[in-house]
Amino acid sequence: MLKQALEYIVDLSHPFVRVFNGYTYADKKLIRVPEVLYAESIQTNTLTGLCDYIKSNVDDMDAKMLLHVVSPTKVRLLSALDAERGRECLMEAHALLPEFTFGRFMGHEEFCIALQSKFIKNDDRDLVLKFAGTVEDGTVTQYGDDGVTQKATVKTGLASKAEALVPNPVRLAPYRTFVEAEQPESEFIFRMRAGDGVQCAVFEADGGAWKNQAMENVKLYLQEQLKEFGSQFAVIS
């Protein structure tokens, strides 16, 4: 009985295939074994590593290759279509970026450190940094807040203070794509609140349009680095 039961279980594992009205049906999902063998893709974290691999000529590549900028943080090196209409992925680049949570309030000291270490220096970054670093604790809620503008007391000298509007909106360029490419600037809403000391946050205000610009910047970088190869490497984003 045990042998018969095992044989029955084995039979259940085989797919049942039937042709009906000219169409072929199966009771299980069938996966065709490809005739073309693909190499396992190499992983890297920089565009430099990707370009160095291409320029090293270590592996044979097709006369036409494709670099697909999948997202601001991912690029794939693909072959041309093979006989089975598939593409081999030779390398993938995944950007390593510093973590920063947009839309989360944090202490002004933590905020100032993050602003200096995780954002590209520009005029608005310096303005926000100066404001966040000189605002006086407990004054953010002393003035009207209409949802667009805020006021607070800032130190203007060793002993002097003054009322000031919280700058809004501001154009900032955080590290959001590969460091080799130009970081896109976009608009942010800068907000402050009084809690356990002064707290600050920035909120994205461009609807994600920065992603398109970041991908375009990565594309331009790759085209510049690989221009010696002519039209062999097409870059799309």
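User: Is the crossing of helix 2 and helix 5 left-handed or right-handed?

Analyst: This is a predicted model, and the reply rests on its coordinates. The axes of helix 2 and helix 5 come within 11 Å and cross at roughly 30 degrees. An angle under 35 degrees counts as roughly parallel, so helix 2 is roughly parallel to helix 5. The sense of the crossing is right-handed.

User: Which residues of helix 5 make the contact with helix 2?

Analyst: By class, the contact of helix 2 with helix 5 has six nonpolar, two polar and one charged residues. Helix 2 contributes L47, T48, L50, C51 and K55. From helix 5 the contact residues are V218, Y221, L222 and Q225.

User: What is the order of the strands in the open sheet of five strands?

Analyst: The pairing in this sheet is mixed. Strand 3 (42-44) and strand 13 (233-236) each have a single partner strand, so they stand at the edges, and one side of each is left without a neighbour in the sheet. Neighbouring strands are turned by 15 degrees against each other on average, direction ignored. The order is 3-6-5-4-13.

User: How many bridges join strand 3 to strand 6?

Analyst: Strand 3 and strand 6 run parallel. One of the pairs places Q43 with E92 of strand 6 as its bridge partner. The number of bridges joining the two strands is three.

User: Which residue in strand 6 does R76 stand opposite?

Analyst: Strand 5 (residues 74-78) and strand 6 (residues 89-94) run antiparallel and are joined by five bridges. Within this pairing, V75 stands opposite A93. For R76, the residue opposite is E92.

User: Is strand 6 largely enclosed by the rest of the structure, or largely open, and how many of its six residues are buried?

Analyst: A residue counts as buried under 20% relative accessible area. Strand 6 is largely enclosed by the rest of the structure, because the buried residues among its six number five.

User: In strand 5, which residue is the bridge partner of L66?

Analyst: Strand 4 and strand 5 run antiparallel, with five bridges between them. The bridge partner of L66 in strand 5 is L78.

User: In strand 13, which residue is the bridge partner of H68?

Analyst: Strand 4 also takes part in a pairing with strand 13. These two strands pair in the parallel sense over four bridges. The partner of H68 in strand 13 is I236.

User: At about what angle does helix 5 run to strand 4?

Analyst: Helix 2 (residues 47-56) lies across strand 3, strand 4 (65-71), strand 5, strand 6 and strand 13, running at about 10 degrees to strand 5. Helix 5 (residues 209-225) lies across strand 4, strand 5 and strand 13. Its angle to strand 4 is about 155 degrees.

User: What is the relative accessible area of A214, and is this residue buried or exposed?

Analyst: A214 has its place in helix 5. Not counting residues up to four places away in sequence, A214 touches P72, T177 and P184. Because a residue under 20% relative accessible area counts as buried, A214 is buried, at 0%.

User: How far apart in space are A214 and T177, C-alpha to C-alpha?

Analyst: T177 is among the residues that A214 touches. In sequence, the two are 37 residues apart. In space, the C-alpha to C-alpha distance is 6.4 Å.

User: Near what value is phi of N57?

Analyst: N57 lies in the loop between helix 2 and strand 4. With 59% relative accessibility, N57 counts as exposed. Its phi is positive, in a residue other than glycine, and is near 60 degrees.

User: What is the relative accessible area of R85, and is it buried or exposed?

Analyst: R85 has its place in the loop between strand 5 and strand 6. Phi of R85 is near 65 degrees, a positive value in a residue other than glycine. Because exposed means over 50%, R85 counts as exposed, with a relative accessible area of 63%.

Notes. Residues are numbered from 1 along each chain as its sequence is written. This is a predicted model: local features need pLDDT of at least 70, side-chain atom pairs count only at pLDDT 80 or more; totals for chains, interfaces and linings use all residues. Side-chain values use heavy atoms; hydrogens and water are left out. Two strands pair if DSSP finds at least two bridges between them. Axes are lines fitted to C-alpha atoms, for helices over the stretch in contact, and angles run from 0 to 180 degrees between N-to-C directions. Contact means heavy atoms within 4.5 Å. Angles under 35 degrees count as roughly parallel, over 145 as roughly antiparallel, 65 to 115 as roughly perpendicular and the rest as oblique. A crossing is left-handed if the near helix is turned anticlockwise from the far one by less than a right angle, and right-handed if clockwise. Ala, Val, Leu, Ile, Met, Phe, Trp, Tyr, Cys and Pro count as nonpolar, Asp, Glu, Lys and Arg as charged, and the others, Gly among them, as polar. Buried means under 20% relative accessible area, exposed over 50%, partly exposed in between (1.4 Å probe, protein chains only).
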